[in-house]
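Student: I have not worked with this model before. Please take me through it one question at a time.

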Amino acid sequence: MNFSRPLILASKSPRRQQLLREAGFDFEILTKETDESFPDDLPAQDVAAYISRKKADAFNIDLEDKILITSDTVVKVDKLVLGKPESNSEAISMLELLSGRMHEVITAVTLKDNQAIRTFSSITQVHFKVLEPAEITYYVSKYKPFDKAGAYGIQEWIGMIGIEKIEGSYFNVVGLPIDRLYVELRKFENSTSNFQ
C-alpha cells in the first residue's frame, strides 16, 4: 500500500532501501554526509534518536508535499553505545563484548515535512550465545561488518549461528522497524501539526 504523499529515504544503507522496497513502499533516495557524533553525557537510549534527528535537520530544503525519512541504529550494552567499527580489531572487540550476553538494538526514525518533524524509536533485545574466537574472526574476515552498528548483521552468518533469541522486531535489528514506520507514516502523512 502506498501513501498519498511522496516519500524520500535519506539513507545510503542498502538494507534500509531493500526493506522499504520489499514492504512495497515507493520512494526516492537522497543522501548527504552527516556528522554522527553525539554529546558524551547523552543517555545511551537517546543516541539513535539524536543522530536520526541530526540527519533530518541536515536537509534544510523545501520538501514540497514530500515526507523525508531518516534513521539511525545503535547497539546498547549496559550503558555503552556501539556504533560502526572502524577496524578489524574494533569489530572483533565488539563481538567479544556481545558474546554470551543480551544487548539492545535501538533504531530511531525521523519523519519530516515542511510543517512538522517527529522522531520515534524501536528497541529489540538480542541474545547471543557464547561465540568462539574462531567464529568471530571468521565472520569479521569474511563479512567485513564495518557498516553495521555493533559489528554484525542479524541476517548474516553470525546472526544465523550466534543469535539464540530476540525480543521485539527482527526488522528493527536489520536497520528499520518497518511495522512501526508504517503506522507512524499513516499518522504523519495527513498531519500539519508539529508532534514535538
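Tutor: A residue is called buried under 20% relative accessible area, exposed over 50%, and partly exposed in between (1.4 Å probe, protein chains only). This is a predicted model, in which local features need pLDDT of at least 70, side-chain atom pairs count only at pLDDT 80 or more, and totals for chains, interfaces and linings use all residues. Residues are numbered from 1 along each chain as its sequence is written, and side-chain values use heavy atoms, with hydrogens and water left out.

Student: What does Lys144 count as, at 48% relative accessibility?
Tutor: Lys144 lies in the loop between H4 and H5; helices (H or I, at least four residues) and strands (E, at least two) are DSSP runs, numbered from the N terminus. Although not a glycine, Lys144 has a positive phi of about 45 degrees. Because its relative accessibility is 48%, Lys144 counts as partly exposed.

Student: Ala151 also has a positive phi. Is Ala151 buried or exposed?
Tutor: Most residues other than glycine have a negative phi. Ala151, not a glycine, has a positive phi of about 65 degrees, and it is found in the loop between H4 and H5. With 0% relative accessibility, Ala151 counts as buried.

Student: Which strand does E6 pair with through eleven bridges?
Tutor: Two strands pair if DSSP finds at least two bridges between them. Four bridges join E6 to the antiparallel strand E7 (residues 163–167), with Val126 opposite Ile166 in E7. The eleven bridges join E6 (residues 117–128), again antiparallel, to strand E5 (residues 102–112).

Student: How many residues lie between E5 and E6 in their hairpin?
Tutor: Met102 stands opposite His127 in E6. E5 and E6 form a hairpin, and the residues between them number four.

Student: Which residues touch the most other members of the largest nonpolar core?
Tutor: A nonpolar core is a set of buried Ala, Val, Leu, Ile, Met, Phe, Trp, Tyr and Cys residues joined through side-chain atoms within 4.5 Å. In soluble globular proteins, nonpolar side chains tend to be buried together. The largest core here has 40 residues, and those touching the most other members are Leu111, Tyr152 and Leu185.

Student: Within what arc do the buried residues of H7 fall?
Tutor: The buried residues of helix H7 (residues 178–188) are Ile178, Leu181, Glu184, Leu185 and Phe188. They line one face of the helix because, seen down the axis of H7, they fall within an arc of 125 degrees. The arc is that of the directions from the helix axis to the C-beta atoms. What covers these residues includes E5 and E6, and the arc asked for is 125 degrees.

Student: Which helices do the buried residues of H1 pack against?
Tutor: In H1, Arg15, Arg16, Gln17, Leu19 and Leu20 are buried. Just after H1, Gly24 takes a positive phi of about 85 degrees. The buried residues of H1 pack against strands E1, E2 (28–29) and E3, and against helices H2 (47–57), H6 and H7.

Student: How many residues apart are Tyr138 and Trp157?
Tutor: Rings of Phe, Tyr and Trp (its six-membered ring) pair if their centres lie within 6.5 Å; planes under 30 degrees apart count as stacked, over 60 as edge-to-face and the rest as tilted. The count comes to four aromatic pairs. Tyr138 and Trp157 form one that is edge-to-face, at 4.8 Å centre to centre and 75 degrees between the planes. This pair links distant parts of the chain, Tyr138 in helix H4 (residues 133–143) and Trp157 in helix H5 (residues 157–162), and their separation is 19 residues.

Student: How far from the ring centre of Phe59 does Lys32 lie?
Tutor: A charge sits over a ring if NZ of Lys or CZ of Arg is within 6 Å of the ring centre and within 35 degrees of the ring normal. Lys142 lies over the face of Tyr143, at 6.0 Å from the ring centre. Lys32 lies over the face of Phe59, and its distance from the ring centre is 5.1 Å.

Notes
Contact means heavy atoms within 4.5 Å.
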